[in-house]
Every structure is written in structure tokens, then in C-alpha cells.
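Subject: Structure for your review

Dear colleague,

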Amino acid sequence: MTTAQTTELSPKNLSDANERNKRRQGFLMAFPAYAYLLIFFAFPLGIVVVYSFATRNRFGGTDLSDWNFDSYIRLNDEVLRNILFRSFTLALLTTVICLLVAYPFSYFLATRTPTIRNVLLVFVMIPFWSNFLVRNYAWRVLLGSDGPVSRLTELLGLGETRILFTPTAIVLGLVYGFLPFMILPLYASLERLDWSVLEAARDLGATGFQTLRKVTIPLSMPGVIAGSILVFIPSFGAFVTPEILGGGREVLLGSFIVSQFLEARNWPVGAATSTVLMAVMLASALLYFRKGGRTL
Amino acid sequence: MTDSGNTTAAVTISGITKRFGDVVAVDNIDLEIADGEFFAMLGPSGCGKTTTLRMIAGLEFPSEGSLKIFGDEVGTLPPNKRPVNTVFQNYALFPHMTVLDNVSFGLRMQSTKKREAASRAQEMLDLVQLGEMSARKPSQLSGGQQQRVALARALVNKPKVLLLDEPLGALDLKLRQEMQTELKSLQRNLGVSFVFVTHDQEEAMAMSDRIAVMNEGKLLQVGPPSEIYERPANRFVADFIGQTNLLDATVEDEDHIILTNGDRLRAPSPHRPGTSVAMSLRPEAISIGERGSTPAEHEATSLVGQVESVTYLGHAIDYVVKIGWIDLEVRGDATAGTRRFSAGDSVSVWWDRTSDWVVAD
Ligand SMILES: Nc1ncnc2c1ncn2[C@@H]1O[C@H](COP(=O)(O)OP(=O)(O)OP(=O)(O)O)[C@@H](O)[C@H]1O
Ligand SMILES: [Mg+2]
């Protein structure tokens with residue numbers, strides 16, 4: 001460090017300059033992405049928030065004046081509270097089922113050889129190759145009163161199954177639709193696991209189950225949390241699946257928002273509901289980053 | 001051999017083979033490790049050291065053979081049912097637990113009460129001089145400290161055998177030497193058998209009661225360091241342990257061999273006449289002098305040649321002496337007053353008749 005006496009060229013200044021340069025370059029490269037996010041994401045989001053404070057006029061339009069909290073106050077309505085509660089329960093149930101199904105599968109996946117992993121990962125992704133709507137209608141056929149599932153139970157003497165248009169069908173559809181969102185982050189975190197740590201646990205006298213509980217699960221927590229958020233959030237606001245597999249009998253949050261916009265023509269209430277939903281999502285995402293999500 | 005023959009060995013390995021698909025990682029090994037012994041397993045990369053250790057730990061099951069720990073067959077017993085603990089090469093500390101929780105983990109698994117486990121873990125941490133660090137996470141420790149946590153985490157369970165897989169591999173030289181001394185005294189005080197894997201032969205020499213040298217899955221020689229160094233069982237061991245000259249030769253009779261350049265030397269060996277062998281000669285065991293200055297009693301164990309190169313090392317001088325087409329490394333004295341040679345000088349070299357050692361190929 002004896003040569004670096006001059007302030008201009010001291011290593012620290014140099015590295016600072018490098019840092020600045022890198023940051024500037026990084027910003028330039030990310031600019032299209034920023035612009036995209038701003039135009040297609042932040043801007044519409046802002047409109048939704050603005051509308052939630054506006055007033056519906058008599059003709060079903062929205063007056064962008066007279067700003068108030070009425071729409072939010074109306075959310076405290078008994079009907080909406082029920083809808084929120086139902087949506088929350090179903091989303092929670094979906095998340096828990098996804099977690100229980102995806103964890104063993106991801107663990108299995110992470111312990112295979114790279115070739116088998118890739119093949120299995122492709123299988124996980126295959127459903128995405130067809131349209132979400134189409135896949136939901138496929139389930140409708142499968143679960144219908146003269147569909148294969150019902151036929152089978154009839155054949156086995158268990159009588160006809162009436163799953164379609166029940167909460168069970170909704171949860172089934174949601175689990176089916178969002179399972180990959182649970183599998184992928186779980187797999188990512190399990191795959192990066194240092195297996196020698198699990199061996200160390202066994203070596204120190206832990207049984208397989210104790211190792212799972214004390215070491216594997218805690219270490220894969222970032223994946224568990226990320227997957228849970230990725231499943232819970234879309235399930236909470238889901239519209240397509242509850243409509244198609246639930247037959248719209250059970251009004252859930254997604255359907256409620258859509259109906260506020262399209263049928264009731266009450267954009268402010270629809271916007272307010274959406275804003276609350278987004279706030280919940282934001283809160284859970286923040287919670288995730290707090291809980292060591294940085295390591296993902 | 002630290003113990004008399006009739007006490008039960010800590011680990012008894014008989015006819016163990018381990019295959020991974022087509023790869024034979026460990027090839028028909030027989031080994032006995034005594035109770036309270038510091039036992040080193042030495043060999044080049046990929047020779048099967050780790051695999052052997054993992055079989056003792058139960059992290060890998062042998063394809064063939066029998067493995068006993070204190071007389072009990074443990075062949076396919078899972079690791080948690082064996083009275084051994086391991087210090088892993090990369091330490092494998094639990095990153096989500098504090099140092100104290102790491103060390104008390106084993107005790108908790110044996111359903112020791114939380115408070116007692118914590119106090120015993122704390123004692124063990126004090127022993128490895130990390131008492132102050134118990135509330136930290138492993139990531140907040142230096143490499144050497146992590147290494148000691150790993151050691152404490154294993155030792156707190158009072159294992160009958162402690163397995164260490166290159167535990168000092170990641171440390172710098174100074175810390176390494178410190179830890180060698182610490183490990184050795186810890187082992188002596190606790191009286192536990194240590195099975196220590198390393199590919200550093202000096203480390204193995206310095207620390208162990210006995211050394212096993214492996215290559216390509218085979219056990220080549222087991223014995224105390226001096227025996228391995230002075231009486232290597234074959235060419236590989238001679239070459240692997242320390243620096244040595246290996247001179248190709250053919251056995252003439254039970255007392256003599258003939259080098260490839262035709263020189264005849266006195267070197268007793270049990271091999272049949274005509275066998276091709278190598279004579280191992282340590283550079284420091286060879287004396288160098290002016291041509292014709294060989295003392296009479298060393299006449300039968302001497303050669304003449306020319307100094308090819310000289311490397312001054314401060315405390316010693318390394319010569320390469322050319323004998324015909326054979327290069328012989330000689331470590332000469334550099335103390336004041338001794339004759340020094342330079343390249344091109346004609347010299348005689350000789351050695352004591354007990355310092356050479358003939359090995360079969
Ligand atoms: N799980 C495995 N699957 C396939 N081959 C393996 C496996 N584990 C080890 N091997 C092979 O077995 C041989 C011995 O490996 P091992 O890890 O025991 O060597 P080592 O002596 O510990 O080497 P190093 O000094 O590099 O750690 C190597 O050829 C290795 O490639
Ligand atoms: Mg190894």
C-alpha cells in the first residue's frame with residue numbers, strides 16, 4: 001500500500017469509481033425493464049388505487065372527484081367479510097395441500113441424478129403448455145356427474161360422486177393449477193441444500209425424521225415461504241377456477257371483484273377490494289423477505 | 001501397535017469392498033484400529049479414504065465384508081445407531097443454529113434434558129477455547145473456529161471412535177500446525193480412538209501412532225510412521241512417503257542387486273534372483289565426497305558420478321548426482337567447514353548399509 005499515497009489513485013477511490021461505473025451501466029441495461037414495469041405495472045396499479053377513492057355515479061360510471069373512503073368502509077360489510085373469510089380459508093387449504101404434496105416430491109426430485117431431475121421438471125411444467133381455462137374445463141369434464149371419476153366410483157359401488165360445483169372441486173382445481181408454483185421454489189431450495197449437513201445430523205444420532213424436522217425443513221424454509229406465497233396469493237384472488245369448477249355458486253373474492261366491475265358497475269368498490277388484496281400480498285411478501293428470504 | 005493383542009479392537013474391518021457402479025472405491029481391505037489409537041489414513045486423491053471412513057460412520061454401506069466396532073457387527077446399522085462421530089471435511093455445521101445448539105445437537109438427540117445438554121456443550125466449547133462464541137452462528141466464525149466447533153460437536157457425545165476427514169485441510173499452514181498439536185493432545189487426554197484421514201504425509205507422520213497407506217482402493221501398508229518411512233512395503237509407499245530416490249534394479253543374489261547401468265551394490269532383499277525391484281534411498285541418508293574418498297566400510301554401498309546441479313537451501317544443499325543415466329538426489333551438509341561441490345565435479349556417494357531399502361514393484 002506504500003505506492004498508493006496519492007488520493008486520486010488510491011485503491012479505495014479506484015474501487016469506488018468502479019462501483020459507480022458498474023452501477024451506471026447496470027442502470028442503463030435495466031432501463032427497458034424499468035420502463036416496462038413503470039408503464040404496464042406501476043401506472044395501472046396507480047389507477048386502481050386512485051379509483052378506489054373515487055365515487056360511483058348514478059349511471060354506473062365513476063366520477064373522478066369527490067374523493068372519499070366510502071368504498072373501503074363498505075368493505076366492512078357482513079357479506080364481504082364472509083367472502084373474504086371463505087376465500088382466505090380456501091386459499092389457506094390450497095396452500096397447505098400444495099405444501100404437503102410438493103415437499104416430498106421436491107425432495108425426491110432434488111435427490112435424483114441431473115438427467116432424471118430435468119425430465120421430471122419438464123413433467124411439472126407440461127400443464128403450462130396448454131391454456132389455463134382449457135385445463136379447468138377439462139377438470140369440469142373429469143369431475144362432472146357423468147365424468148370418469150363419477151363413473152369409477154359408481155363402478156366400485158360407491159355411488160355417483162358430486163364433487164363438481166363444490167368447494168372441494170375448487171380446492172382441487174386450485175391445487176392442480178398452482179402446484180408447480182410450490183414445487184419449483186421448494187425444489188430450488190432443497191437442491192441447494194448441503195447434504196453433508198443432513199449426514200452430520202444422522203451421524204450425531206438423529207433419526208431420519210428428526211433430521212427432517214430439525215435440519216432439512218428449517219434449511220428449506222426460504223423455499224417453503226416463497227412457495228406458500230406464490231400459491232396463497234393467486235388462490236386468494238382466484239377467479240377462473242372458482243367460476244368454472246365452483247360454478248359460481250360460492251362467491252369468492254375474485255368473482256366479487258369481477259362482478260363489481262362488470263355487473264354492479266361499481267368500480268370504486270372493485271378497486272378498493274383489489275387494493276386491499278394487493279396490500280395483503282405486499283405484507284406477506286415483506287414478511288417473507290424479513291424471514292430470511294434473502295437467501296433464496 | 002498401542003495395545004496388547006487380546007483387548008477388543010475399536011474398529012475391525014475384514015474383507016471390505018465398496019463399489020459405486022463400476023468404480024471399486026475400496027478393494028478388499030483388512031484393518032484393525034486399536035482402542036485409544038491415533039490412526040491416520042493416507043493416500044492420494046480418490047484412493048478411497050473418505051469412502052472407508054464413511055463406511056465406519058455408517059454413511060455408506062459396504063458391498064462386501066464385515067465391519068465391527070468394539071466387536072459388534074455394524075455392517076448396515078444406520079449412522080445414528082453407531083458409537084462413532086465424524087468431523088466432516090467441510091465441517092458441515094448447521095448454519096441455522098447457534099454454535100451452542102450445534103454442539104448440543106447430539107446430546108439433544110439422545111434426549112438429554114435441554115439445560116444439561118447446554119451446560120455440557122458449553123463445557124466442551126470451553127475446552128476448545130470457544131466458550132465466548134456460543135451465541136454466534138457458524139457463519140460468523142473463522143475457518144479455524146468452525147473447525148473447533150465441529151470437533152466439539154462430535155466430541156461432546158463421547159464417541160468411542162472419532163472419525164476425522166481431512167479436518168485441517170482448509171486451514172492455513174500456521175493454524176494447521178497449531179491444530180495438529182491441539183488435536184493430538186486432545187486425543188491423548190480423552191483416550192478416544194481417532195481415525196484421521198489426510199493426504200498430507202507429514203501431518204500423518206507427526207500425529208499418528210499408526211498409518212495406513214492406500215492407493216486405488218487398496219491398502220498397501222499399515223504400520224507406525226517410522227516403519228512406513230524406513231521400511232516401505234512397495235515402490236508406491238516409498239515414493240509417496242517423503243522424498244526418496246528410487247533406483248531400478250534386478251536382484252542378483254540375496255545380498256546384492258544390479259542397477260540398470262550395471263553397477264553392483266550390496267543390498268539384502270528377500271526377493272528371488274532376477275526379480276525387478278527398486279532400491280529406495282533417502283536423499284538425507286547419502287553422504288557425498290570427492291571421488292575415491294569413500295570409507296572402506298561403505299565400499300559395497302557406494303557409487304561414483306558427476307554433480308549435475310546444486311541447489312542451495314540455507315540449512316542444506318541439494319545435489320543431483322548423475323550416475324550413468326541415473327539421477328540421484330543427495331542432501332548435503334551446509335554447515336561451515338564441509339566441502340561443497342559444484343556442477344561438473346566428480347564425486348563419490350555412499351550410504352550406511354541399513355539406510356537403503358529394496359522394494360518390489
Ligand atoms: N457416491 C459415489 N458415487 C460414485 N463414485 C464414488 C462415490 N463416492 C466416491 N466415489 C469414487 O470412489 C473413489 C474413492 O473416493 P473417495 O472419496 O473415498 O476418495 P478419497 O481418498 O477420499 O479422495 P480425496 O483425497 O480426494 O478426498 C473415487 O474414485 C471416487 O470417484
Ligand atoms: Mg476424501
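A salt bridge joins the side chains of Glu199(A) and Arg54(B), with an N to O distance of 2.7 Å. Please note that this is a predicted model. The rule finds one salt bridge across the interface of chain A and chain B, together with six residue pairs in polar contact. On the side of chain A that touches chain B, α8 (195-203) and α9 (208-219) each supply at least two residues. Helix α8(A) gives the most to that side, with seven residues. By class, this side of chain A has eight nonpolar, four polar and five charged residues.

As to the extent of the interface, 17 residues of chain A are in contact with 23 residues of chain B. About 1,600 Å² is buried between the two chains, and carbon and sulfur atoms give 62% of that area. In chain A, the residues that lose the most area to chain B are Glu199(A), Asp203(A) and Leu204(A), which together account for 41% of what that side buries.

An N or O atom in the side chain of Thr50(B) is 2.5 Å from an oxygen atom of ligand 1. Backbone N or O atoms also approach oxygen atoms of the ligand, at 2.7 Å for Gly46(B) and at 3.2 Å for Cys47(B). Of the 640 Å² of accessible area that ligand 1 has on its own, the protein covers 61%.

Yours sincerely

How values were computed
Residues numbered from 1 in each chain as written. Chains lettered and ligands numbered in written order. Predicted model: local features only at pLDDT ≥ 70, side-chain atom pairs only at ≥ 80, totals over all residues. Heavy atoms only, no water. Polar contact = N/O pair within 3.5 Å; in protein donor to acceptor, adjacent residues only side chain to side chain. Areas by Shrake-Rupley, 256 points an atom, 1.4 Å probe, with all protein chains shown as cover. Contact = heavy atoms within 4.5 Å. Buried area = accessible area lost by both parts, 1.4 Å probe. Salt bridge = Lys/Arg side-chain N within 4 Å of Asp/Glu carboxyl O. Helix = DSSP H or I, 4+ residues; strand = E, 2+ residues; numbered from the N terminus. Nonpolar A, V, L, I, M, F, W, Y, C, P; charged D, E, K, R; others polar.
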